[in-house]
Amino acid sequence: HPGMGGTGPADAAIETFLRYLAAETGRQGVRVLGIYTAGVKGTLTTDRIRKVDASGPDPDDVDRMLSGMAMLGRTPRIPDVAETAAFLASDRASGITANIVNVTCGLFSTP
């Protein structure tokens, strides 16, 4: 995506580190996982926007814009991310490691 030039290489480095860490610690029972999030409603506040841009958009306008771009037609909510984290930390996900789970409601597609 345009304007995300620094994010892509940083994300790739984190993903690579995550996979190597999982390979190195898996035999000790350690699972290594990540969660992609983007546009989580409730995390972007007017105060945070104003720190970057004094005349920046209203958070609800940003949510509407991002919702229009998302495959599910909405942005993720904090409970969506929390439920995913709780699942990944639970024994129900005991067979999952070396992966990043996408909780963006389809704002970004991942392989």
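A pocket here is an open set of grid points, where a 1.4 Å probe fits, with protein on both sides within 12 Å along at least five of seven lines. The model is predicted. In this model, the largest pocket holds about 360 Å³ of space.

**The largest pocket**

- Its lining is made up of 15 residues.
- Met 4, Thr 7, Asp 11, Tyr 36 and Phe 108 lie nearest the centre of the pocket.
- Helix H1 spans residues 7-25, and strand E1 spans 33-37; each gives the lining at least two residues.
- H1 provides the largest share of the lining, with 5 residues.
- By type, the lining residues split into 8 polar, 5 nonpolar and 2 charged.

**Helix H4: length**

- H4 runs over residues 78-89 and has 12 residues.
- From first C-alpha to last, H4 reaches 17 Å.
- That is close to the 16 Å expected at 1.5 Å a residue.

- Val 81, Thr 84 and Leu 88 are buried in H4.
- Viewed down the axis of H4, the buried residues fall within an arc of 65°, so they line one face of the helix.
- Pro 79, Glu 83 and Ala 89 are exposed, on the other side of H4.

**Packing partners of H4**

- The buried residues of H4 pack against E1 and against strand E2, which covers residues 99-103.

Note on methods. Residues are numbered from 1 along each chain as its sequence is written. This is a predicted model: local features need pLDDT of at least 70, side-chain atom pairs count only at pLDDT 80 or more; totals for chains, interfaces and linings use all residues. Side-chain values use heavy atoms; hydrogens and water are left out. On a 1 Å grid over the protein atoms alone, a cavity is a set of points where a 1.4 Å probe fits but cannot get out, and a pocket is an open set with protein on both sides within 12 Å along at least five of seven lines; lining residues have an atom within 4 Å of a point. Grid points are joined across faces, edges and corners, and a volume is the space filled by probe spheres set on the points. Helices (H or I, at least four residues) and strands (E, at least two) are DSSP runs, numbered from the N terminus. Ala, Val, Leu, Ile, Met, Phe, Trp, Tyr, Cys and Pro count as nonpolar, Asp, Glu, Lys and Arg as charged, and the others, Gly among them, as polar. The expected span of a helix is 1.5 Å times one less than its number of residues. Buried means under 20% relative accessible area, exposed over 50%, partly exposed in between (1.4 Å probe, protein chains only). The arc is that of the directions from the helix axis to the C-beta atoms. Contact means heavy atoms within 4.5 Å.
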